[in-house]
Amino acid sequence: MARSALTMTAATFAATAALLLTACGGEDSSPDDIKGAETGASTSSPSASASGAAGVDRPDVSLPEDLKLVFDFEKPSDAEQAAALEDAANYIRALDHGIAQQDPNDPAYQFYSTGGAEKYAKSQIEAWVKDGWTVTGDDRYFDASIDPVGEGKSVLVSFCRNQAKFYSKKVKTGKVNYTEENLDSYQKFSLLMSPSEASAAVWQARQIEVQGRVKECKG
């Protein structure tokens, strides 16, 4: 499995840009407890101290020592936008946590997503587990932007990705599939984020779109 397999089923679950903008016309009508909330908060999570102050138990999104995620984002001055951006990053961490744990039902991604974004995360983890791969290396996310959507609190969070040093690794043998940097290394993520029905302190990804071979992210 190539390192870019994280997006191999994006066509199945990712919304088009128009859908991302219209999917937020109304919030979920039936409030539910946040799935995954039963897992204790991790001190390795960048949100751990904030979540404790807000009275929310966040799931563990810690990663193996050989996997490093870098989010080179400027923190927005607006508190709600900052929270949305932080939990968009936590959604990415949770996805990789599920792959590292080899658990398609990992509670972390369920906590930080719902709808299409939850289905997308589950499908990615299932694909990696089925083929016997996990992840290793450095994965960098940068150039984040946040745009309001509709009349509610939902926002569209977009950012670039450089996965040139992000590799797949065989679980059984530990063999790493090294690849050279090329245009496939650069992607753009767009996540529709909105506050959870169960807790306004938690933002969940509802839809996700992943574009590959994005020249603007290469610079």
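Reader: Which side chain meets D66 in a salt bridge?

Author: Happy to start there, with a word on the ground rules: this is a predicted model, in which local features need pLDDT of at least 70, side-chain atom pairs count only at pLDDT 80 or more, and totals for chains, interfaces and linings use all residues. Residues are numbered from 1 along each chain as its sequence is written, and side-chain values use heavy atoms, with hydrogens and water left out. A salt bridge here is a side-chain nitrogen of Lys or Arg within 4 Å of a carboxyl oxygen of Asp or Glu. At 2.7 Å from N to O, the partner of D66 is K169.

Reader: How many residues apart in sequence are the parts that D66 and K169 tie together?

Author: Helices (H or I, at least four residues) and strands (E, at least two) are DSSP runs, numbered from the N terminus. D66 sits in the loop between α3 (48-54) and β1, while K169 belongs to strand β4 (residues 166-170), so the separation of the parts they tie together is 103 residues.

Reader: Is D66 buried, partly exposed or exposed?

Author: Buried means under 20% relative accessible area, exposed over 50%, and partly exposed in between (1.4 Å probe, protein chains only). The relative accessibility of D66 is 31%, so the class is partly exposed.

Reader: Which residue pairs with R213, and where does that partner lie?

Author: The side chain of R213 forms a salt bridge with D184 at 3.0 Å, N to O. R213 is in the loop between β7 and α7 (215-218), 29 residues from its partner. R213 has a relative accessible area of 49%, and D184 has 36%. The partner is D184, in the loop between β5 (176-177) and β6.

Reader: What is the N to O distance between E216 and K188?

Author: E216 is exposed at 57% relative accessibility, whereas K188 is partly exposed at 22%. The N to O distance is 3.3 Å.

Reader: How many salt bridges does the structure hold?

Author: In general, side chains of opposite charge can pair when their charged atoms come close. For this structure, the count is 8.

Reader: Which cysteines form a disulfide, and which hand does it have?

Author: With a disulfide taken as a pair of cysteine sulfur atoms within 2.5 Å, a search of the whole structure finds 1. The sulfur atoms of C160 and C217 are 2.0 Å apart, and both residues are buried. C160 lies in strand β3 and C217 in helix α7, so the link ties together parts 57 residues apart in sequence. The torsion about the S-S bond of C160 and C217 is about -75°, so the disulfide is left-handed.

Reader: Which residues does F159 contact beyond its neighbours within four places in sequence?

Author: Contact means heavy atoms within 4.5 Å. Setting those neighbours aside, the partners of F159 are F73, A88, I92, Y141, F142, D143, A144, Q187, K188, F189 and L191.

Reader: What separates the C-alpha atoms of S199 and V56?

Author: S199 is in the loop between β6 and β7, and at 16% relative accessibility S199 counts as buried. S199 and V56 are 143 residues apart along the chain, and their C-alpha atoms are separated by 7.9 Å.
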